[in-house]
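Dear colleague,

I am handing over the structure we spoke about, and I would be grateful if you could look it over before reading my notes.

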Amino acid sequence: MFEEYLGINEYSLPKQQKEISLFKHLKRLDDHHTTNSEEYARIKTALFNKGINSISDLPFLPVSIFKQADISSVKKENIYKVLKSSGTTGNVPSKIYLDRNTAKNQSLALSHIMTHVLGQERLPMLIIDSLSVVKDRRSYSARGAGILGMSIYGKKHHYILDDKMDLDREALSSFISKYNGQKILLFGFTFMVWKYLMALEDNELDLSNAVLIHSGGWKKLLDQAVDNDTFKKRLKEKFGLNQIYNFYGMVEQVGSVYLENNLGFLHCPNFSDVIIRNPKDFSVCEHGEKGLIQVVSVLPESYPGHSLLTEDIGVIMGEDDLEWKGKYFKILGRASKAELRGCSDTFQKK
């Protein structure tokens, strides 16, 4: 199913063509999960009783449901890998069950997006994290999954933090001596990039030819009055770093990432889309109206994660009017407790 997207240039499908393609595949996925996931079928029967004639008609699950229950659409013996979200203290992590085909398609999808901005050449890679995060090959955290997913676009990988999450000076010095000033790839989660890179001396790294991919951890930075513009400006001033791409993604839909375009907005790839819903009644918002972000993707076959309602508030800024085709949007923050209670009440009433 996913293979047909690999033959199409990323960010190339105009609205009508994309909606036809997505609806065909998403409807098939809905039927698949209804048949193969008892939990999904029960939720769908209880909460969604209208016909599915468009993408916006699809049933959607709250992302938090994967913290509350084990939900999959494959037999236990076919589970290849388990992904876990990076739950904070006291929080139960989401658990996502992958079979080999879903894991393969997630990797192919991520590659299709990232090579659009990185090119096909694998670059020396500096990872702003610790190798210990990816040591368990059977069960990954969201950080571990993100690191391993991005690692295939790099070579000669260097992790600059040790097992205690302290800066590994020896690893950093080794990397600098070999590649400083060359074209390299950097990857890390946003807060960690800020915390550890900005702690370096100004003359330690020449990143004028580097590409930085980063995501997540914005709440800690916003608490320090560091927004996206400030983040980019300071890294450019200190290291000459010009090519910086943020992306929006989640462990519940690995592979379906929303990469930052040249205007600083998040952009939908060909095989995924976003819908903005009013938190009071779940109605679809118009472009320019803020609401809860729903994400749809053709990738999740081993679990019913093809249509998810997030806890993030966002707004669609436009569609098909830039060099990249598709919707582009921005995130305004997390939903307040009041908004989430309102959603819960509406779900209960339904």
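**Helix α10 and what follows it**

The buried residues of α10 are Asn-228, Phe-231, Leu-235, Lys-238 and Phe-239. They cover an arc of only 115 degrees around the axis, and therefore sit on the same side of α10. Just after α10, Gly-240 takes a positive phi of about 70 degrees.

The mean pLDDT of the chain is 87, and 90% of its residues reach 70 or more. Among the elements of the chain, β12 has the highest mean pLDDT, at 98, whereas helix α11 (residues 337-349) has the lowest, at 44. Over residues 338-350 pLDDT stays under 50, although the model has 21 contacts beyond four places in sequence for this stretch. Where pLDDT is low, the predicted coordinates should not be read in detail.

**The chain as a whole**

The chain has 11 helices and 15 strands, and buried residues make up 53% of its 350 residues. Of the contacts in the chain with a separation of 6 or more, 69% are accounted for by residues 24 or more positions apart.

**Helix α2**

Helix α2 runs over residues 15-36, and at 1.5 Å a residue its 22 residues should span 32 Å, which agrees with the 31 Å between its end C-alpha atoms. Which of its residues are buried? In α2 these are Lys-18, Ser-21, Leu-22, His-25, Leu-26, Leu-29, Asp-30 and His-33. Seen down the axis of α2, the buried residues fall within an arc of 165 degrees, so they line one face of the helix. Their cover includes α1 (3-6) and α3 (38-47), together with the strands β12 (272-277) and β13 (291-297). The face of α2 turned away from the buried side carries Gln-16, Ile-20 and Thr-35, which are exposed.

**Strand β4 and its partners**

Strand β4 (residues 123-130) is mostly covered, with 8 of its 8 residues buried. This strand is joined by 5 bridges to β6 (residues 154-161), and the two run parallel; in this pairing Ser-130 stands opposite Leu-161. Another 3 bridges join β4 to β7 (residues 185-189), again in a parallel arrangement, and here Ile-127 stands opposite Phe-187.

Is Ser-72 buried or exposed? Its relative accessible area is 18%, and because buried means under 20%, Ser-72 counts as buried. The side chain of Ser-72 reaches the backbone oxygen of Val-74 at 3.4 Å. Leaving aside neighbours within four places in sequence, Ser-72 is in contact with Asn-36, Ser-37, Glu-39, Tyr-97, Ser-302, Tyr-303 and Pro-304.

With best wishes

Note on methods:
Residues numbered from 1 in each chain as written. Predicted model: local features only at pLDDT ≥ 70, side-chain atom pairs only at ≥ 80, totals over all residues. Heavy atoms only, no water. Buried < 20%, exposed > 50% of the residue type's maximum accessible area, 1.4 Å probe, protein only. Polar contact = N/O pair within 3.5 Å; in protein donor to acceptor, adjacent residues only side chain to side chain. Contact = heavy atoms within 4.5 Å. Helix = DSSP H or I, 4+ residues; strand = E, 2+ residues; numbered from the N terminus. Expected span 1.5 Å × (residues − 1). Arc of directions from axis to C-beta. Pairing = 2+ DSSP bridges. pLDDT = per-residue confidence, 0-100.
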